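Thanks, everyone, for making the time this morning.

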Amino acid sequence: MEFNIKAIILVLGILFTGLTAGLCFTWSNTVTPGIGRLDDLGFLQSFQVMNRAIINRSFLIIFFGPVVLLFANAFLHRNAHPATFWSFMLAATLFFIGIGLITVFKNVPLNEILDKTILENLTPIELKELRSKFEHPWNRWHLKRTIASFSAFALLLLGIIYNN
């Protein structure tokens with residue numbers, strides 16, 4: 001069996017993008033609506049705990065790996081059918097902007113504010129204010145990540161179809 005870096009990058013890019021899209025979809029459709037039903041302290045504590053737990057090697061590789069893999073994939077398919085190349089390039093760009101940039105510049109800063117807060121020291125009014133500053137913006141940016149990751153995944157699949 002021949003070592004084919006092009007195929008490996010394509011498969012890993014699709015797999016990691018699909019896993020990220022699934023994570024984002026699940027988070028948007030089950031996790032945040034579920035904890036959204038909690039009181040302010042319970043909601044904020046739950047988010048703190050999940051944000052701290054999700055930062056691990058496996059997550060970081062799967063979540064941010066496509067930022068590199070998808071551009072490498074597009075480059076390796078630069079001489080493929082034009083629709084394949086452009087599907088792959090658009091997928092890479094959407095993932096970079098929709099996952100990479102939005103995460104780093106929108107969701108992570110909100111997570112950091114929450115992480116640095118000792119919730120048990122806040123009054124009920126302060127908890128409500130923190131939640132209102134955190135929840136809606138975080139969910140709005142996360143919805144954009146969900147759409148971007150799903151769209152990138154779909155474009156990768158389209159690129160494969162055009163390539164055959």
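**A salt-bridge network**

Asp40, Lys128, Arg131 and Glu135 are linked in a network of salt bridges, where a salt bridge is a side-chain nitrogen of Lys or Arg within 4 Å of a carboxyl oxygen of Asp or Glu. Before I go further, please keep in mind that this is a predicted model, in which local features need pLDDT of at least 70 and side-chain atom pairs count only at pLDDT 80 or more, while totals for chains, interfaces and linings use all residues. Residues are numbered from 1 along each chain as its sequence is written, and side-chain values use heavy atoms, with hydrogens and water left out.

By this rule the count comes to four salt bridges. Asp40 forms one of them with Lys128, where the closest N and O atoms are 3.4 Å apart; this pair links distant parts of the chain, since Asp40 is in helix α2 and Lys128 in helix α5, 88 residues apart.

Asp40, at 16% relative accessibility, counts as buried, and Arg131 counts as buried at 9%. Glu135 and Arg131 are both buried, whereas Lys128, with a relative accessible area of 53%, is exposed.

**The aromatic side**

Arg131 brings us to the rings, for its charged end sits over the ring of Phe43, 4.2 Å from the ring centre; the criterion is NZ of Lys or CZ of Arg within 6 Å of the ring centre and within 35 degrees of the ring normal. Elsewhere, Arg78 lies over the face of Phe75, at 3.9 Å from the ring centre.

Phe43 also belongs to one aromatic cluster, together with Trp27, Phe47, Phe134 and Trp138. Rings of Phe, Tyr and Trp (its six-membered ring) pair if their centres lie within 6.5 Å, and planes under 30 degrees apart count as stacked, over 60 as edge-to-face and the rest as tilted.

A search of the whole structure finds 11 aromatic pairs. One of them joins Trp27 and Phe47 edge-to-face, at 6.2 Å centre to centre with 70° between the planes, and it links distant parts of the chain, with Trp27 in helix α1 and Phe47 in helix α2, 20 residues apart. Trp27 is buried at a relative accessible area of 10%, and Phe47 is buried at 1%.

Phe47 and Trp138 form an aromatic pair that is edge-to-face too, 4.8 Å centre to centre, with 70° between the planes. Since Phe47 lies in helix α2 and Trp138 in helix α5, this pair ties together parts that are 91 residues apart in sequence.

**The largest pocket**

Finally, the largest pocket has a volume of about 410 Å³. Of the 20 residues that line this pocket, the closest to its centre are Asn51, Ile54, Ile55, Val108 and Asn111. A pocket here is an open set of points on a 1 Å grid over the protein atoms alone, where a 1.4 Å probe fits, with protein on both sides within 12 Å along at least five of seven lines, and lining residues have an atom within 4 Å of a point. Grid points are joined across faces, edges and corners, and the volume is the space filled by probe spheres set on the points.

Which element gives the most to the lining? That is α4, with five residues.

Definitions and conventions: Helices (H or I, at least four residues) and strands (E, at least two) are DSSP runs, numbered from the N terminus. Buried means under 20% relative accessible area, exposed over 50%, partly exposed in between (1.4 Å probe, protein chains only).
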